[in-house]
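Please open the structure in your viewer and keep the selection panel at hand. The tour below moves from one selection to the next and says what is found at each stop.

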Amino acid sequence: MKHYRAHLLVCAGTGCVSCGSFKIKEALEKEIKTRGLQDEVQVVATGCNGFCERGPIVLVQPDGIFYQLLTVGDVPHLVEEHLLKGRPVKKLMYVPPAEKQPVPKMKDIEFFKHQRLIVLRNRGRIDPEKIEEYIAFDGYEALGKALTEMTPAAIIDEILFSGLRGRGGAGFPTGKKWAACAKEKATPKYLICNGDEGDPGAFMDRSVLEADPHAVLEGMVIGAKAIGASKGFVYIRHEYPLALKRMEIAITQARENGLLGQDILGSGFDFDLEIVQGAGAFVSGEESALIASVEGKIAMPRQRPPYPAQKGLWGKPTVINNVETWATVPNIIRRGADWFQGLGTETSKGTKIFALVGKIANTGLVEVPMGITLREIVYGIGGGIPDKRDFKAVQIGGPSGGCLPAKLLDLPVDYESLTAAGAMMGSGGMIVMDDKTCMVDIAKYFLNFLQDESCGKCVSCREGTQRMYEIVKGITEGEGKESDLALLEELAQITKDASMCGLGQTAGNPVLTTLRYFRHEYEAHILDKRCPAGVCKKLIRYVVLSEKCTGCLSCKKACPTEAIKGTLKEIHLIDQSKCIKCGACKEACRFEAIEEQREEAIQII
Amino acid sequence: MAGTKKLRIQDLAKIREKTKSLMAIREGEGRARVTVHMGTCGIAAGAREIMEALLDEIGRAKIQDVIVTTSGCAGLCNKEPMATVEIKNQPPVKYGDLTPEKIKKIFVQHILGGQMVAELVLGVGSETMY
């Protein structure tokens with residue numbers, strides 16, 4: 001490495017890559033060479049910067065200037081102005097919604113200002129494919145400490161005392177899990193990193209693996225020392241190619257440098273890691289199903305106890321933790337449990353990563369201290385709801401989480417509060433919904449996902465999710481009965497009570513929380529045959545307002561199903577039997593002559 | 001990089017020290033910041049050579065926490081090439097009519113040694129902003 005006067009940190013997380021960030025990187029390198037700046041300016045590809053909404057992103061250091069929504073065409077101007085002439089380019093900077101002045105520096109942007117980076121401390125800062133850059137920012141320091149200065153018991157005590165809880169969803173204390181496995185006599189012992197992230201809209205683990213694979217790896221070696229494991233597996237789903245690639249590179253580099261394999265760092269401790277690719281079934285994220293999958297069997301959960309800590313992989317004691325949990329471990333060992341203890345709330349320590357998606361201005365990946373309120377995340381960091389619409393709900397905890405309404409916006413985000421509200425921490429998906437979202441439709445979406453992903457072992461889950469889906473689907477199509485709601489509640493409760501694994505036990509949550517907080521929407525669908533949000537297609541219809549129609553044919557041309565009849569300068573008519581309710585006619589009409597009707601009046605006609 | 005050599009604890013610290021100084025720039029921190037003025041006038045007067053000479057000196061001295069940036073015309077075009085040196089917690093110092101030799105002298109005496117090169121100084125402190 002040599003000294004450069006400027007570093008251009010190009011975000012190369014999956015979000016930005018799909019927006020073309022590798023092309024931006026190429027263009028930057030080419031332009032820098034054309035200008036003869038290649039010995040002065042370095043271009044670095046980093047992991048996900050977090051502000052995915054604004055990708056492709058380039059951060060210029062040491063100035064701290066944040067450029068966003070870049071195109072290849074912007075590159076020559078950017079290089080000439082900023083790097084040659086030293087004039088940061090305003091038009092490529094971030095302008096907050098409802099403001100006119102750009103915010104040049106990343107640290108001043110609201111989205112970044114309120115975050116607290118621990119697990120993601122290296123995101124957008126290091127090249128995840130270079131081990132020396134990880135080491136430069138204190139990487140493997142914790143491992144050195146754990147291997148040479150600490151006994152296994154001391155490591156476990158430190159994790160126990162830190163209050164770290166599993167980041168995969170259930171929130172079981174990590175130290176307790178480790179202690180239970182450590183005291184088992186059977187050998188060999190195994191470690192597993194659960195990177196089977198399956199929630200729709202969630203990409204926390206993916207980003208950690210992509211941005212800082214060595215942090216996960218370091219955490220696992222520390223864990224191995226603590227419980228006396230000799231072999232570990234990193235389970236990543238095959239649809240995360242970039243995460244897989246970067247983890248493979250990290251493992252190879254670690255082996256070459258004696259940080260994996262025999263006699264790690266000369267301490268006499270042996271441990272090695274292997275990557276296992278998952279096929280992408282949601283249930284594989286459940287720990288006992290994941291273990292079965294690593295063994296080469298169908299991913300299906302099994303009854304517990306015995307817990308994996310006693311009888312896990314191939315019947316041997318196994319510790320299985322989530323990606324984020326493993327990546328937190330080195331930070332605790334390096335900075336001490338006392339420091340970690342000081343962050344978060346009484347029962348939930350540290351920080352949590354959330355994938356902030358849906359109807360939110362700043363889509364992206366955020367790491368926040370536990371105990372922050374939903375309002376601070378949605379409005380402070382997330383920038384609120386776009387298009388001046390109203391907040392309706394936030395869905396937390398993945399498909400088996402729950403939808404929380406506006407009145408709970410001041411709820412602190414910690415394990416207990418979320419569970420009490422009917423949702424759960426889950427792995428950290430956060431889907432924001434506005435007033436144009438139909439909550440019955442949302443419940444239908446998640447139930448469809450769950451009935452599809454249920455492994456089918458327990459009758460309660462297999463049949464329960466399917467029946468609930470059918471009922472909710474009926475409600476969205478105007479076929480709901482008043483008795484449906486009680487039946488739904490009963491089914492949801494039984495699925496919860498009688499299913500064996502976490503998937504089934506939480507499968508009722510989407511129904512239960514939407515019923516708890518948005519019952520009136522179900523009632524509108526059932527009693528009035530009306531979808532208040534105008535989403536459920538069977539409950540709306542499009543009609544031509546004869547007094548406004550000029551007979552211009554625009555709507556007729558726009559209709560994909562030829563449902564509109566009429567000739568030039570004559571009032572048009574929509575054939576309801578052919579209409580698929582796509583709304584294309586309404587968009588095409590310049591005279592506001594097409595109306596979307598949602599009232600119960602429809603039914604009388 | 002160590003390549004296939006197995007690392008020991010002490011090696012980790014060495015890598016950290018070596019790489020961290022090279023990457024300090026990513027934190028936007030350093031003991032000093034030198035701004036080479038690169039307006040059209042600056043470039044025409046030879047600012048690029050000043051920049052090259054400065055980066056050479058920094059590389060040779062193996063000093064890694066000096067941040068070098070560029071900026072536009074400083075407004076005093078007939079004194080170009082110009083550079084501004086900011087040492088942490090001290091007011092900025094502007095130098096003008098630079099040559100590669102002069103910037104080397106500034107680097108050794110001012111940036112490393114902390115002593116202004118009085119005969120080359122144009123002014124100390126920032127302009128008043130309205």
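In which sense do strand E1 and strand E3 of chain A pair, and over how many bridges? Select residues 6–11 for E1 and residues 58–61 for E3 in chain A, and you will have two strands that pair in the antiparallel sense over four bridges. Strands here are DSSP runs of at least two residues (E), helices are DSSP runs of at least four (H or I), and both are numbered from the N terminus; two strands pair if DSSP finds at least two bridges between them. Within this pair, Leu8(A) has Val60(A) in E3(A) as its bridge partner.

Before going further, note that this is a predicted model, in which local features need pLDDT of at least 70 and side-chain atom pairs count only at pLDDT 80 or more, while totals for chains, interfaces and linings use all residues. Residues are numbered from 1 along each chain as its sequence is written, and chains are lettered from A and ligands numbered from 1 in the order in which they are written.

**The sheet around E1**

Now widen the selection to the open sheet of four strands in chain A, whose order is E2-E1-E3-E4 and whose pairing is mixed. At its edges lie strand E2 (41–46) and strand E4 (65–67) of chain A, each of which pairs on one side only. From one strand to the next the twist averages 20°.

**Chain A as a whole**

Zoom out to chain A, which has 24 helices and 17 strands, and whose C-alpha trace spans about 85 × 65 × 40 Å along its principal axes.

**Two helix contacts that share H19**

Next select helix H18 (residues 459–476) and helix H19 (residues 484–498) of chain A, whose axes come within 9 Å and cross at roughly 160°. Axes are lines fitted to C-alpha atoms, for helices over the stretch in contact, and angles run from 0 to 180 degrees between N-to-C directions. This crossing makes H18(A) roughly antiparallel to H19(A), a term for angles over 145 degrees. Residues are in contact if their C-beta atoms, placed from the backbone, lie within 7 Å; among those that meet here are Met468(A) and Ile471(A) in H18(A), and Leu488(A) and Leu491(A) in H19(A).

In the loop between H21 and strand E14 (541–544) of chain A, pick Lys529(A), where phi is near 50°, a positive value in a residue other than glycine.

**Where chain A touches chain B**

Show both chains, and select the contact, which takes 30 residues from chain A and 32 residues from chain B. On the side of chain A, the elements that give two or more residues are E1, helix H5 (131–136) and helix H6 (141–148), and H5(A) gives the most, with four residues.

**Two cis peptide bonds**

In chain B, the peptide bond from Glu80(B) to Pro81(B) is cis, with omega near -5°, and Pro81(B) is found in the loop between strand E2 (66–71) and strand E3 (83–87) of that chain.

Key
Angles under 35 degrees count as roughly parallel, over 145 as roughly antiparallel, 65 to 115 as roughly perpendicular and the rest as oblique. Two residues are in contact if their C-beta atoms, placed from the backbone, lie within 7 Å.
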